[in-house]
Every structure is written in C-alpha cells, then in structure tokens.
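The paragraphs below take the cavities and then the helix pairs.

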Amino acid sequence: MNANDLLIELRKFVLLKSGLRNIDPAHCKIISEYVYQETKNYVSETTIKRFFGFANTLHKFSLFTLNSLSQYVGYNDWDAFCKDKENQTSSAQSIWQDLKLKAHAITEVSLIAKKNNSGVPFTTTANRSFFYPDFDYFLKNNYQFTTISAQPGQGKSILLAHMVEYFFFSENALYKNDIVLLINSTSLNTIIQNSDTLKEWFLKEFKFGSLSELISFFKKNAEKREGRFVIIVDGIDEHLAKNNYFKIFIDFLYSIEENNFVKLVFGMRTDTWINIQPAIYSSASLTKAWYTGLFYDEETLSNVPSLNVDEILYTLSHLENKIINRADVSPSLLTQFKTPFWLQVYFKLKDENQQLELNNPLLCYELINYFLEKRVFLAKKSTEKIFLLKKISDCISEGNKKLRVSKEKILSYINCYPDTYEELLNAGIIIEEKRLSTTIPTEIVRFLSDDIYTYFMFIQITDKFEYKPDKPFFEYILKSFRCQSAQRDHILNWSIRFCINRNEIAALKNIFRLPFSNREKNNAFDFICYVSKYELSKPNANFNKLSVDTDFIDIMTTGRTMGNLYKETIRTISKNVLNEDIQIILHVIESNVNIIDVDKLALANSMQLLKRNYKRLNELFPINPYDLILYFHNNLINKPNESKSLEDKIIKLCQQIDQSKPKKNEEITSAEILSYRLVLMVLFSQKSYAECHRFIMAILHKYPNIFYVRYSVFSPFLLLHLGQTYVKLNYFKKAQRIIHFVDKIISSDYTYYTNFILASFNVFKANFYNATHHYEQALIEANTGLAVTKKNNFKMYEITLLLSKIDTLKHTDESEEVSNVIKELLNFLTAHKRSMPDYANFSSHEFEHTFKILKSYRRHQNL
C-alpha cells in the first residue's frame, strides 16, 4: 500500500469508530472531541477537516496527528497501523484490484474536493438524472472518450460528481467492479508541485509507464481485466490554455490504443473545447472514438443543458428548508437560476443578507451586483478589469442570437492588459467563442450573461452623465434603447436602484413624466416599492428613516393607489420613518387604502395614529382628512354620520379652490391630491352628485389642464369620477364623451394608468350602460371588471361590480342568474370577512331597495 491508500484506510476506520457512515464539515468538531476523550491528545477541528479533505492541505500530516488518530482506532501508533494494513494486503491480490484501490484513493480525494468546491451544499444540488442513460450508453458502447462541455457556471463539475457517485461509488452503484479515476485541477497541481511529469506520476501510482502500456497489458491478458477503466479529467482548462500542456493533452489522445474497456471523460469549458476540436476532427480514428451525446449542441459546443424549473425548485427547497413552488419565485429570478452558477451566488448572498425574498425581482440585480463586487470591484487589478469590461461592453453589438463582439475589435485593449483579460476569462465573467457561420471562422467575445453586459452598459451611462440621474439621463435611456425591450427594462431598474441607493428620489419622477410606456411606468413603480423597502431594511443606507421626504410621498400619491405591493410598501415605510409630517401623510395614504380594501380593523388602527395628530393634519392638508376618513369608518361599522359639519367644511373648501388663481399642473401637492380624492369619494357616497360636480369644476378652475396630465393616476381618477357624476345626473351624452376620451388616452401608450384605474373604468361603463338600458354591454363591462378585481384583490370594486351585475340582471330574464350572483357576493363577503358599506354601492337609485335588503341580510347573517 502507498501512503494515499493507508490514509484512505485510516479515514475509514476513524469514521467507523465515530459511528458515522458519511461525514460533513460539521462532524469534524465532534470527531476532534472523540479523539481527545479516547487518547487525551488534542487534534484540532481544522486538522480533522484537512484530514477528511474539507480544507486545503498544504503539507503532510504531522506524525502526532497520525499517531493520535491511529491510537483512536485501537493501534499503538501510525507505524503499527501501517504494518497491520500491509500484512492484511494479500500478495495474491489481482492487478485489477490493486489498480482499483489506488484509483479509489485518488478519486475519493478529488470527489471530496469537488463537493467542497460546490457553491451550494452538494446535497442540495439536482442530480440531473436525465443525463444518466446517455452516459450509460457511452460506457456500454464502442466509444473511447466523451466530453462534458459547458460554459462556466453551467454545473458540469457537479454533474460529473453526481455521475461518479451514481455509477461507481454509491452503495447501489451500477458498476462497482469498474475502476474510476477522477483527476481534477487539485490533483494536477499536486503532481506539478512535486515536480513529476504525468508519465512519472502514472508509473509511481499504477506501476505502468503510460496508459497505452496499461491498455496493451490488459489486451494481451484479457482474463485479468474485471471491468472498465474510466478516467474522468475535469477542471484543467487553465492548464490547457498553456501551449506545452495543450500539446501533451493532444499527444495523449493520439497515443490511446483502440480498445473497448478504457473510457475517457473530459469536463471542460466550451472555449477550451473549441481549441481541441480541430485536432479531433483531423483524425478519423478520434472522430470515430468520440461520443458527442444526445444533448450536444453543435452551435454552442455544449452538452450540459440549462437547469429546468423542477431542478431549480429542488435546490431552492433544500436551501430554504421548506417546499418552494414556482409561484414563490419571481419569473425573472427563475430565468436567471437556469444557470446553476447564480444559485451559488444566491446561497452566498443569503448567508450575508436574509432580507431579500425569492419573489422579489430586486434579488436578480442584487445577485449581479454582489457577484461583480466580489469578482471585479473588490478584486485585484479592479481598475484594469473595470476598464476592460467597459470597453468590451462599449464595442458589443447585437448578433443573430447573442450580444457579442469580434475579438479583433478589442485586441488593442486585450494587448494592454493580457493578464487581466485572462483573469476575466478564468473567472467566467467573459467568454470566448468561435463564430463558425462566417466565411472565415472568427473568435468572438461575450459576457457570461446578457444581464452582466447590461449592467456595464448602465455603468457607461452613469459615467456619461457624471453620476447625475436627471432628466437628460432618462431621456438618453428613452432614446437609446428600444421600447418594451428587456434591455430597457433592466436599464430602468438599474437606474431606480441607483437613484434610491443615492437617495435621489426626485429624479425618479422623470420616468413617469417622460413618454415611457405605461407597462414600463407600472413596472418602474413596483420596482421603486421593492427597492425602497429593501433599502430601509439596510443599516447605513442613504435612503433611510431620516431621509424619506416629500419626493417619495409625491411618487406614492401620483402613482398606484391600490395593490398588495403598494399596501405593503406604505405600511412598511410608515413604520420606519422618523419625520412626523411624512409619517402622518403616509398614515393618510394607508387609511385611503384601507377604505378601498373595506378593512375596518386596519382603518381603525391607522385612524388612532391620525387622531393623535389632529391639529397637525389641519396644518398639512386643505381639509382635515381625519374627518373624511371618520365618515368612511362610520359607514363601515353602520354608525350614523353627523354629516352637517363635514358638509360645511367641504363646501368651504370648494369655495376656496374655486377662488384660487389658476395654477400649473406641476404645482398640485400630494396633500391636495389626497384631500380631493377623499372628498370626492365622500360626496359620491352621500349621493351629493351636484356638489360632486361643483367640486370637480372647482379643481378644474384651479388646475385648468389637470385632465391632460399623463404622468399621474389622479387625472384619470378625476375624469372617471366626473363621468360617474354625469351618469347620476342623467347627462348621458357628456358621460359618453368621457368614455371616448378615457378610451383615447388609455390607448396612448405613454399615458400612466393602473389596473385600479381600469377597474374604475369598468365600473363607470357598467353603470353608464345600465343607466342607458344597454344591459348586455353592461354585463360585459361588469364581467371584465370582475376579472381585474379578482386578479388584483380590489375588494371594494369587486363588491361594486357584483352589485352592478345584480342590478343589470334584474332587468333581464335571467332570474336564476340573479340568485347565483347574490350567492357569489355573500360568499365573497363571508370568505374575506368584509361588510358591505354604502360607499361600495355605485348602482342606480332604483337599486337602493335591493341594496338595503342585501345589506340587511348580510348584517343578520353576522348576528
């Protein structure tokens, strides 16, 4: 037995003595304690980790360590252990078994190194068993070698480790008689450091001068062969980049004598494989001996497919220690995780930061930032690396399928920093490929992923505008990137993250004021919510409890008015802000959300906070919002309202607005928008339609162009409220004009509107068609609106539209359907533990009696 064999034996005995079948790093501390208890010799946890291959071993184990471990398993010392094992080794042991024992020792160390180098715990990685039949076919048929080739981060090394365990090492392995020799970069580095040639090392370990000699021996002595000899070589790309090693490798391939029992498997990056392929194709025998496999892609030169959704969810479930379903992960993150490498980055980031959830789209950007921070910005030669990456991104153009650049175009930059360029290649940040579709095959360079390329594009933009994200900054994005493209979406999201990180919130208003598409504006608003919540959770962030100001309030007020993310953001920030005035305004927004959500408990809680600041509310708002909110609270709990004083306050406010001098749209404040919105809702709920009309006209007098605003949802809110008022006042032609006008502005792609506005529009149109006796069309609008409200959890409008649907069906012959919708409404109220407030009833005055019966029945049910 050589030293490696003896160490393998000692490891096995230590495991047996400790009662462990398998071992992970956590067990090393326990074994250290066991050894001390048994021998009174202290062998540290770190030494035990080195002994089992969980940490790098830069030197031989000390005699003290080996003696202590030998004593632990029942021997006097290391020498006694060695002698006993040598005596147990039968001189009659077959050559095959001798080779197997030596190969096993090397493979076990290599396998442990592979598992330890896995970016996530090896047990959490998907085994990709779909690949196994393909590998089994290679083993059983007349092929000499195969390649597992992939881009960096595609998980080829982990796949190889799983295959070694499944086919050769596990308890139920298919081919236990086969010899498997796994050689990785660590093994090769050890050989090089010992100043051995590969030939010398092979002779020393296996007693054959070369693999060819071994093949010849077993061809002549077939009876001594007990299986296959499978050699797996992985992680040697850096060595093959050097000409002398590359030549040795090619010569090695050519030297292999044709046989059916030695199988060679090479795990390598596609850029390495590109250089090797010509040598294979130039030899008929090598081409015949090469098994490409079912999954080999001629264009990418890879045969390791991306992870599928089930494999991603398998790993995430194990990392999170709970079942993770597709719905728990944001779609953009699922796409990113198709490359296993990003799961490794997530595992490391998660270890440092527990704040980000898998359903948060921001996580994609934090992963990219974290990776580049470690590999580029905080790495050696970071200045040169950033310079090169910027230049590469600047030169890249969109090809048929990928964003890439001809290597020739960036050769001058590469020649300035050749070592840095090699480091970027080895780190897998950039990738070299061959473009074979051209007349002369050309080398091209691209980024590991388009997302990293987009990040450096964004860095270029920040440089161009000297880190000032003002209007020209966003105008440049608008003009330079194609509308509705994924690239523009990513650039906008990086911009949002950049602005909030630097606490330049006012700059974000440009996204809504410039003609970005409505989809882009809605996505931007959501991303602002995600980033702002995350930044508030971070220590030492620029956007923090002290810095949340009116600019953020403006965005929250002129943007979305409902939605789960919006509600959560308002709630989170209102709890984490120190400026009392900002907190008060946020509580008003929160109360408005609770009114629309028909949530009396949450509304009561937010009102408690407002009541304590009643006096300050008078100073901050044109009318005290507490009085308006109290009206809705009483409505929710069926308590009569003392409406006279409130009516007087509203009339007084209406007169003040009407007497104001005309102002520009930009001058309207968030406090005004919140107040006007609540007032109009109160007037409509009171059925004061004429007063509602007067109030809107007063706003229009103060802000003559308010209906032409396209960057705030307040403008369509006003228009729809005016339309509803016209319906109630029987001004049907005016109401119809508003329908046409809203249809027109919504069809303009840069108008900012939300799903809540769309639901409001459906309510308006359903009421209009009901009032004008177009019941079939009214039903269509009610059903369309219900699809929106159910999807977005707009509870008030769901009640409103169900009531509208009942009202419509009562005018048709569908009496049975009326009963079904009534049941649907009552079931909805029961399931969501909601009441049916007066302010949710937008239906005609003829429906009042029916509404009172339904409400009474609902109240009776509650009793």
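A cavity is found on a 1 Å grid over the protein atoms alone, as a set of points where a 1.4 Å probe fits but cannot get out, and its lining residues have an atom within 4 Å of a point. Grid points are joined across faces, edges and corners, and a volume is the space filled by probe spheres set on the points. The model is predicted: local features need pLDDT of at least 70, side-chain atom pairs count only at pLDDT 80 or more, and totals for chains, interfaces and linings use all residues. Residues are numbered from 1 along each chain as its sequence is written, and side-chain values use heavy atoms, with hydrogens and water left out.

The structure holds 5 cavities of 30 Å³ or more. Helices here are DSSP runs (H or I, at least four residues), numbered from the N terminus. By class, the lining of the largest cavity has 13 nonpolar, 6 polar and 1 charged residues. In this scheme Ala, Val, Leu, Ile, Met, Phe, Trp, Tyr, Cys and Pro count as nonpolar, Asp, Glu, Lys and Arg as charged, and the others, Gly among them, as polar.

The second largest cavity holds about 160 Å³ of space. Of the 13 residues that line it, T125, A126, I158, L307 and P340 are the closest to its centre. Two or more lining residues come from each of α8 (156-169) and α18 (340-352), and the largest share, 3 residues, is that of α18. This lining divides into 7 nonpolar, 5 polar and 1 charged residues.

Axes are lines fitted to C-alpha atoms, for helices over the stretch in contact, and angles run from 0 to 180 degrees between N-to-C directions. On the α37 side the contact is made by P716, F717, L720, G723, Q724 and V727, and on the α39 side by I757, S760, F761, V763, F764, N767, F768 and A771. Contact means heavy atoms within 4.5 Å. These residues divide into 10 nonpolar, 4 polar and no charged.

How does α37 pack with helix α38 (residues 732-747), and at what angle? The angle is about 155°, with the axes 8 Å apart, which makes α37 roughly antiparallel to α38. Here L719, L720, L722, G723, Y726 and V727 of α37 meet F732, K734, A735, I738, F741, V742 and I745 of α38. The contact has 11 nonpolar, 1 polar and 1 charged residues.

A further pair is formed by helix α31 (residues 600-611) and helix α33 (residues 625-636), which pack at an angle of about 150° with their axes 11 Å apart. That makes α31 roughly antiparallel to α33. K600, L603, A604, M607, L610 and K611 of α31 make the contact with Y626, I629, L630, F632, H633 and L636 of α33. By class, this contact has 9 nonpolar, 1 polar and 2 charged residues.

Key: Parallel < 35°, antiparallel > 145°, perpendicular 65-115°, else oblique. 1 Å grid on protein atoms, 1.4 Å probe; cavity = no way out; pocket = protein on both sides within 12 Å on 5 of 7 lines; lining within 4 Å.
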